[in-house]
Amino acid sequence: MQLKIYNSLTGEKEIFKPILEGNVGMYVCGPTVYSNVHLGNVRTFLSFDFIYRSLTHLGYKVRYVRNITDAGHLTDDGDVNNDRFVKQTRLEKLEPMEIVQKYTVDFHKVLEMFNLLPPNIEPTATGHIVEQIELTQKLIERGFAYESNGSVYFDVLEYNRRGLNYGELSKRNIEELFANTRDLDGQGEKKNPQDFALWKKASPAHIMRWNSPWGEGFPGWHLECTAMSTKYLGETFDIHGGGMDLKFPHHECEIAQGKACNDAAPVNYWMHANMLTMNSQRMSKSTGNYILPMQLVTGENDFFEKPFHPSIVRFCFLQAHYRSVLDISNDAMLASEKGFIRLMEAVKLLQSITPNDEKQSGFNIEEWKNKAYDALTDDFNSPILIAHLFEAVKYIFALNDGKETISTKDLEDLKSTLNALIFDVLGLQAIEENNNEKLDQTLKVLIELRNQARKSKNFELSDQIRDRLLAEGIELKDGRDGTTYVLN
């Protein structure tokens, strides 16, 4: 089967042709670890986890690199006070690397909760300062960058003068960009308003700073990804992913840096995951339409009537294509929970189905498999794949009711295919049953038996029940209101 990927650069689905046959180099922009990872981030990283799992399942050897931005994330090149790490250190009264450690741990904890596989390499911006300085020097030497008052900027106008095209990914016109930003404040150091920082001079109050040929400073946001992606994947690699919001300026700047440094396009296939909304509105702290991933799982929020298991959240997210806007709501989560439970019930039922080789199977397994893999290889179309899974679910329930038959060969094929697609590719996990209720009922019976033994003065049996339970870590406590138990 031919894998087709939608390339954001060309705006078309293209047959995937890796640089090295059978191998894939994939870089995904990771988190900026100055605050808790939000649900929209989880949607993006989960989308690329599904893509990573799919590529691996399809037989590719994947080197998956996802960075950690732990320095230099400026939202405005004209004002170093807009460094998000500096703002957060002041807010929380912590050292910058304490902030980094705190929120990197949170990021990994949340992604593990949703069963995301770790990348093969997870480099940090602070761990690649030397590489970023070297790239900046190279861009200056090649005439694509200039130093100004201790800072270094990429010369966008010079880039375009040489026949290159800043704006090719986001489809923005350079003349319009210049016209719309000419009168902005804080542009005094730049030759052109669209020039972006490669290195910024540190102000006296700026804590995160490194020595460089231009004085003490810190790297610009865009340079780190060029430095790390090329170091671990080469000057040109297969896939670069990230959220739709990174297309401009971040990914646009990465293309410019890569071409200016190496005379070659840095990436063959650009992939972008779309945004997440809640109750049909953009998620935003300022509007209050906002929820953290953990709050959705624990139920500690004002938007959802109950907590939802991480696997149900994952299942909900995968019911939308990664390039489509995904809207979550209470009704959507309840519907996903219902669908997830039915899917898992079918998987469980399949283990007890008895095959019948005397009759022909009432379901064409081979045709069904082809449709499922057609969806998977058509730009990783998870909602269509899930729809095909439920065709099999319907058949499994019919088998269980004795309305359909299946041969031994088809049964084994169906089992292995379902397990691979549900657990390996979609990354879903079966929810372990909560046995606390059954434990309560069982212990109530034992406590009643013990009370009856004590009432009939059968203290030997009464003590035996108490001691056996204690040996299993369950301590009975007799009080005025009756007998209770404590798990030790």
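1. E6 and E7 pair in the antiparallel sense, over three bridges. Strands are DSSP runs of E of at least two residues, helices runs of H or I of at least four, both numbered from the N terminus. Two strands count as paired if DSSP finds at least two bridges between them. Valine 152 has tryptophan 199, in E7, as its bridge partner.

2. This is a predicted model: local features need pLDDT of at least 70, side-chain atom pairs count only at pLDDT 80 or more, and totals for chains, interfaces and linings use all residues. Residues are numbered from 1 along each chain as its sequence is written, and side-chain values use heavy atoms, with hydrogens and water left out.

3. E7 also joins E8. Three bridges connect the two, which run antiparallel. Lysine 200 is partnered by phenylalanine 218 in E8. E7 is mostly covered, with five of its six residues buried. Buried means under 20% relative accessible area, exposed over 50%, and partly exposed in between (1.4 Å probe, protein chains only).

4. Helix H4 covers residues 129-141. Its 13 residues should span 18 Å at 1.5 Å a residue, and the end C-alpha atoms are 18 Å apart, which agrees. The expected span is 1.5 Å times one less than the number of residues. Glycine 143 follows H4 and has a positive phi, near 80°.

5. Which residues of H4 are buried? They are Ile129, Glu131, Gln132, Ile133, Leu135, Thr136 and Leu139. These residues pack against several elements, including strands E5 (145-148), E6 (151-154) and E7 (196-201) and helix H8 (247-262). Contact here means heavy atoms within 4.5 Å.

6. The structure holds 18 aromatic pairs. Tyrosine 27 and phenylalanine 237 have ring centres 6.4 Å apart and planes at 55°, so this pair is tilted. The pair links distant parts of the chain: tyrosine 27 sits in strand E3 (residues 23-28) and phenylalanine 237 in strand E9 (residues 237-243), 210 residues apart. Both are buried. Rings of Phe, Tyr and Trp (its six-membered ring) pair if their centres lie within 6.5 Å; planes under 30 degrees apart count as stacked, over 60 as edge-to-face and the rest as tilted.

7. Ring pairs also link Phe144, Phe154, Tyr159, Tyr166, Phe196 and Phe248 into a cluster. Arginine 162 lies over the face of phenylalanine 144, at 4.0 Å from the ring centre. A charge sits over a ring if NZ of Lys or CZ of Arg is within 6 Å of the ring centre and within 35 degrees of the ring normal.
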